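These are my notebook entries on one structure, set down in the order in which I looked things up. The sequence and the coordinates come before the entries.

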Amino acid sequence: MSPANVTINDVARVAGVSKSLVSLTLNDRPGVKNETRERILQTAKELGWTPHPGARGLTTRRAYALGLVLRREPRTIEVDPFFAAFIAGVETVLSERGNVLVLTVVPDAAAEERAYARLAADKRVDGFLLTDLLADDARIPLIERLGSYAVSLGAPPGGSPFPVITRDYDAGIDDLVAHLVGLGHRRIAHVSGDERMLHGLRRRERFERSAHEAGLRPLIVPTDFSPEQGAAATAALLDGEDRPTAIVYGNDPMAIAGMGVAHERGLDLPGELSVTGLDGSQIGSFVYPSLTTLDNDPGGWGIAAATALLRLVEDGEPGDVALPPARLVVRASTAPPAR
């Protein structure tokens, strides 16, 4: 018998129990003896049978799905390796538990609110993964009003009723600035990301604080985290009167785009310009020269977020998660400035 053709009736017949006992066991409900439960689970495994998520949802009132609504330009998502690795981490957890991810990309705040309301009202997801957290994030009270669950990447200033996943970047940024200063750099620029997002704002603020403590007056160029704006900011910095000897970018894709601009100008990297990122991804180790950055482990973010949200959905147990601090990863893109 092919696993695709196996039904709950087949599991009950081979295990020698009723269909209702199989249903109770597979939905992890009480009322089944331990030895009977073990026999049913073993039979289901041997027959290769797993319950359909939709069928399980009818009995447990669960969608067996988590939602991820992204309000970004599709182009930005396409070129940012964080999201691919983050989603891979989420899927690692969901696939093991028979859940799926529902991804929606929206252009603006109004469409974003409609997406959350629709997914919650239709009971298509059991909760939401919140990325790109804002200082005054309207999504958190919205999801509360909708009666759904969420977990956020980052802790909002006013707190959250939902679990938060955090990673400390402060020490890593301090180490990065100290690394550049130790190499002899005094003219250091920061191409920051979208400062409406908490992680973009906090990284810029920490960088400025570290630079000022080192006696520097850094030049800040805000962008939207996209490689296009990272490249444009680099061109403007290189065309300025007091060209920096080092540029720290708010994310790795912007740093790689900036390196491309510098190469086109004929600059020697890192001899004439040192470059760093702030959220390490695998691609940074394959560019030339390999990119100095902070390790970030986007897959780890995804695993932690999905695990925390499922724990809240399934067991009602909220729990914050502090990931290991972001460490400085020194590669070949930084060196002492040319004399």
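In which helix does R204 lie? I find R204 in helix α10, where helices (H or I, at least four residues) and strands (E, at least two) are DSSP runs numbered from the N terminus. I note that this is a predicted model, in which local features need pLDDT of at least 70 and side-chain atom pairs count only at pLDDT 80 or more, while totals for chains, interfaces and linings use all residues. Residues are numbered from 1 along each chain as its sequence is written, and side-chain values use heavy atoms, with hydrogens and water left out.

**Entry: R204.** At 17% relative accessibility R204 counts as buried, a word I use for under 20% relative accessible area, with exposed for over 50% and partly exposed in between (1.4 Å probe, protein chains only).

**Entry: pocket.** I then turned to the second largest pocket, to which α10 gives the largest share of the lining, 5 residues. On a 1 Å grid over the protein atoms alone, a pocket is an open set of points with protein on both sides within 12 Å along at least five of seven lines, a cavity is a set where a 1.4 Å probe fits but cannot get out, and lining residues have an atom within 4 Å of a point. The second largest pocket holds about 550 Å³ of space, a volume being the space filled by probe spheres set on the points, which are joined across faces, edges and corners. Its lining has 27 residues, and L153, Y169, H199, R203 and W301 lie nearest the centre. By class I count 10 nonpolar, 7 polar and 10 charged residues there, with Ala, Val, Leu, Ile, Met, Phe, Trp, Tyr, Cys and Pro as nonpolar, Asp, Glu, Lys and Arg as charged, and the others, Gly among them, as polar.

**Entry: strands.** L153 also has I165 in β5 as its bridge partner, and 2 bridges join β4 (residues 150-153) to β5 in the parallel sense, where pairing requires that DSSP finds at least two bridges. β5 pairs with β11 (residues 321-323) as well, again parallel, over 3 bridges, and T166 stands opposite A322 in β11.

**Entry: N251.** N251 lies in the loop between β8 (246-249) and α12 and is buried, with a relative accessible area of 1%. A polar atom of its side chain lies 3.0 Å from the backbone nitrogen of M254, where a polar contact is a pair of N or O atoms within 3.5 Å, one able to donate a hydrogen and the other to accept it, and residues adjacent in sequence count only if both atoms are side-chain atoms.

**Entry: backbone.** Most residues other than glycine have a negative phi, and most peptide bonds are trans. Against that, I noted Y64, with phi near 55 degrees, and D132, at about 50 degrees. The peptide bond from L269 to P270 is cis, with omega near 5 degrees, and the bond from Y288 to P289 is cis too, with omega near -10 degrees.
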